[in-house]
Amino acid sequence: MSLASAVRPPSELGGGRRFFAVGQLPVLASALFLLVLGWAGARGWERPPGGALRFDEAWATAGALGVGELVALLIGVTLVAVLLQPFQLGLVRLLEGDWPRPFGVGLGAERATRRQLARKRALAAEAALADPGALTEERMQRAGRAGSELRRRFPLPDHLVRPTALGNALAALEDGAGRAYGFDAVAAWPRLYPVLGEETRAVVDDRRDALDAAARMAAVFAVTGLAAALLLARSGWWLALALIPLAAARLAYGGAVRAAWAYGEAVHVAFDLHRLDLLSALCLERPAGPLPERVLNAQLSDLWRQGVPLDPATRYTPEHTPEPDPDQGTAGGTTR
Amino acid sequence: MIVDTDVNRARGLYGRLIDTAATRFGAALDLDPDDRADEVSRRLAELFEGRPGIEGVMLRLKGRDVGVATPQRVGAAEGFAGPAPEWGAGDRAGLPGRSGRYRPVWFDCAAPGCGAAEARSFYDERAVPACPDEAHGPMELRR
């Protein structure tokens, strides 16, 4: 068996595409990078034999791995991926800038937030219509695009602005999605998600998986870069190899930010298309128009977010008595 | 009335039994919206066992086609009917962040002329604030 044939998503274990992309792939890539460095002679506690890394020996070692060793590698990778899975949310929040207080101060959280605010204000200035009476078509389109960009990348209230671009992309989504209909997106989404249509859910899932995969890669590759730096500490100029996973981490973080913008758009669309399906699933009467809809959805959001009970005047839809259906006719008859 | 939501929900619920590429079927099985997935799987298995020649069974919800279940899919599902489980897929059902829409939950004393008010960060019927005047009892939620 070769390394290449071992790199297959073990979906028969119930992992699935998401678990492979988000969980296993980053850990597998990291493990292989560090193993190759180790096989090439990188040892943090001593200089490599001959003073240089030997990648030909590393490839030879990799190619000679037995079935048992490959199985052990895959099990180890899967185990790490499973252990990291519950931390995915915390990991994304870390990348959003939700840093523990002592570390937050040390990492310049305030300075980073001020930088993000400056970018937000620059976009807001471009989106402003200073003199509507003298507006040209070109100026209007530029301002419109800047306004869309502002709403996509930043939450509207300044106090919600976070230290990182990823944090602000997700804050923009959580601040804006469903708002036009009175919903608090964070409170409503766990209830809306199960009633999404197939096509909407496919788009939402795809973009969420891309976001989570990129975020996981950014974190895992950053840790890999640090581990590689430790392994290569006594290897002279080879230490520069530690920049590879760090560069990959930076690239993955940029990908996570763009994936968050795309995910935000998908969540907005999900609210647009399926918000009334949510009311049907809750057996609530469909509101007559936008204003009563906003009132009802604000009440639901209060209930889900802070436990405030619904207005006692709220009405459930009457129970439907099914009518007998005519036999549609099939190739072999209908059974029940 | 059956709406697309019910059909879509059924497609998700019985996803592992349905072969989206299959178009031919020799029988149909009518479902109710609240039929359990494992029960549907069992009934399909019995149907295929009793009629070994049929290629598939159309699942229907009040006259609306849901999808064609095949013997291969029913056999592979082994008693499960939902879509193939994915580790970590549940993360998709929540947004990563926290709400920025918290508001004070106000309570007012119901006693005429009292005017006492208190705010809480959440509502729980077991923790309704009481008026400072003990005689007035618990306050009422302000809507």
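Predicted model: local features only at pLDDT ≥ 70, side-chain atom pairs only at ≥ 80, totals over all residues.
A residue counts as buried if 20 or more other C-beta atoms lie within 10 Å of its own, as exposed if 12 or fewer do, and as partly exposed in between. By that rule Lys62(B), with 15 C-beta neighbours inside 10 Å, counts as partly exposed.

**Loop residues**

Lys62(B) has its place in the loop between strand S2 (57-61) and strand S3 (64-69) of chain B, and its phi is near 50 degrees, a positive value in a residue other than glycine. In general, most residues other than glycine have a negative phi. Cys283(A) also has a positive phi, of about 60 degrees, although it is not a glycine; this cysteine is found in the loop between H12 and H13 of chain A. Because Cys283(A) has 11 C-beta neighbours inside 10 Å, it counts as exposed. Gly56(B), in the loop between helix H2 (37-50) and S2 of chain B, has 25 C-beta neighbours inside 10 Å and therefore counts as buried.

| Residue | C-beta neighbours inside 10 Å | Class |
|---|---|---|
| Cys283(A) | 11 neighbours | exposed |
| Lys62(B) | 15 neighbours | partly exposed |
| Gly56(B) | 25 neighbours | buried |

Leaving aside neighbours within four places in sequence, Gly56(B) is in contact with Asp19(B), Ala22(B), Arg24(B), Phe25(B), Gly26(B), Val68(B), Ala69(B) and Thr70(B). Cys109(B), by contrast, is 53 residues from Gly56(B) in sequence and 66 Å from it in space, C-alpha to C-alpha.

**Chain A and its helices**

The secondary structure of chain A comes to 13 helices and one strand, and in the order of elements from the N terminus the strand stands at the end. Of the 336 residues of this chain, 32% count as buried. Among contacts in chain A between residues at least 6 apart in sequence, 70% join residues at least 24 apart.

One helix pair can be described in some detail. Helix H8 (residues 137-153) of chain A and helix H9 (residues 165-176) of chain A pack at an angle of about 95 degrees, with their axes 6 Å apart, and H8(A) and H9(A) are therefore roughly perpendicular to each other. On the H8(A) side the contact is made by Arg151(A), Arg152(A) and Arg153(A), which meet Asn168(A), Ala169(A), Ala172(A) and Gly176(A) in H9(A). By class, the contact of H8(A) with H9(A) has two nonpolar, two polar and three charged residues.

Helix H10 (residues 185-192) of chain A is mostly covered, with six of its eight residues buried. The buried residues in H10(A) are Ala185(A), Val186(A), Ala187(A), Ala188(A), Trp189(A) and Leu192(A), and they pack against H9, helix H12 (243-281) and helix H13 (290-306) of chain A.

**Nonpolar cores**

The largest nonpolar core has 55 residues, of which Ala218(A) and Ala256(A) touch the most other members. Several helices of chain A each supply at least two residues of this core, among them H9, H10, helix H11 (198-231) and H12. H12(A) gives the most to this core, with 13 residues. Because domain 1 (3-94 + 191-306) and domain 2 (101-129 + 138-161) of chain A both give residues to this core, it lies between them. Leaving aside neighbours within four places in sequence, Ala218(A) is in contact with Leu95(A), Ala249(A), Ala252(A), Tyr253(A) and Ala256(A). A second, separate core of 21 residues includes Tyr14(B), Val40(B), Phe48(B) and Ala69(B).

**Domains and the contact between chains**

The C-alpha centres of domain 1 of chain A and domain 2 of chain A lie 27 Å apart. Chain B is assigned a domain 1 (4-85) and a domain 2 (105-141), and 54 Å separate the centres of these two domains of chain B, taken over C-alpha atoms.

The contact between the chains takes 41 residues from chain B and 55 residues from chain A. Helix H1 (4-13) and strand S1 (27-31) of chain B each supply at least two residues of the side of chain B that touches chain A. That side of chain B divides into 20 nonpolar, ten polar and eleven charged residues.

Notes
Residues numbered from 1 in each chain as written. Chains lettered and ligands numbered in written order. Contact = placed C-beta atoms within 7 Å. Helix = DSSP H or I, 4+ residues; strand = E, 2+ residues; numbered from the N terminus. Nonpolar A, V, L, I, M, F, W, Y, C, P; charged D, E, K, R; others polar. Axes fitted to C-alpha atoms, helices over the stretch in contact; angles between N-to-C directions. Parallel < 35°, antiparallel > 145°, perpendicular 65-115°, else oblique. Domains from an automatic or database assignment. Core = buried A, V, L, I, M, F, W, Y, C linked by C-beta atoms within 7 Å.
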